[in-house]
Amino acid sequence: MVNQNAAKLKLPKHMQIHPVVNIAQLRPYKDGADRFPDRAEANQAPEPYINEQGAIFYEVEAILNRQITPHTKRVTYLVKFRGQDAHENLYIDEATLLEDVPELIAEYEKKHPRSASKQRKR
């Protein structure tokens, strides 16, 4: 407790948020196992890789879609990360993915070739 109205949370280093919160935001944890005994246990997401600079990296599971960003005319891919829910999917620039996961880009392009009119020079 920081004072009567605030508590300091113990958070992982990769979470870059302020650890002090108002106690009105806190409540006891209840897992609900007694109310929902048939509920499947939640899958534990894999731990992210954190480099020396503190940047967080997750393993790419699949590439789901491709789009051309209207303003920049750059190709971006919708990426699904291993262990993450669909709402965590992100569009990531083609150049970044070609460095990190070129085999997944090649696999996606093989399954979903670009039309001749939309081919982009690399």
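**Close-up 1. Contacts of Thr76 in the predicted model**. Apart from residues up to four places away in sequence, Thr76 touches Asn65, Arg66, Gln67 and Thr69, and also Tyr91, Ile92, Asp93 and Glu94. Thr76 lies in strand β6, which covers residues 75-81. Because its relative accessibility is 9%, Thr76 counts as buried; the cut-off for buried is under 20%.

**Close-up 2. The open sheet β5-β6-β7**. Three strands, in the order β5-β6-β7, form this open sheet, and their pairing is antiparallel. Strands β5 (60-68) and β7 (90-93) are the edge strands, each pairing on one side only. From one strand to the next, the twist averages 35°.

**Close-up 3. Pairing of β5 with β6, and helix α2**. Strands β5 and β6 run antiparallel and are joined by seven bridges. Ile63 has Val79 as its bridge partner in β6. Helix α2, residues 102-111, packs on the sheet and touches both β5 and β6. The direction of α2 makes about 55° with that of β5.

**Overview. The chain as a whole**. The secondary structure comprises two helices and seven strands, which follow the order β-β-β-β-β-β-β-α-α from the N terminus. The chain has 122 residues, of which 20% count as buried. Of the contacts between residues at least 6 apart in sequence, 26% join residues at least 24 apart.

Methods: Residues numbered from 1 in each chain as written. Predicted model: local features only at pLDDT ≥ 70, side-chain atom pairs only at ≥ 80, totals over all residues. Heavy atoms only, no water. Helix = DSSP H or I, 4+ residues; strand = E, 2+ residues; numbered from the N terminus. Buried < 20%, exposed > 50% of the residue type's maximum accessible area, 1.4 Å probe, protein only. Contact = heavy atoms within 4.5 Å. Pairing = 2+ DSSP bridges. Axes fitted to C-alpha atoms, helices over the stretch in contact; angles between N-to-C directions.
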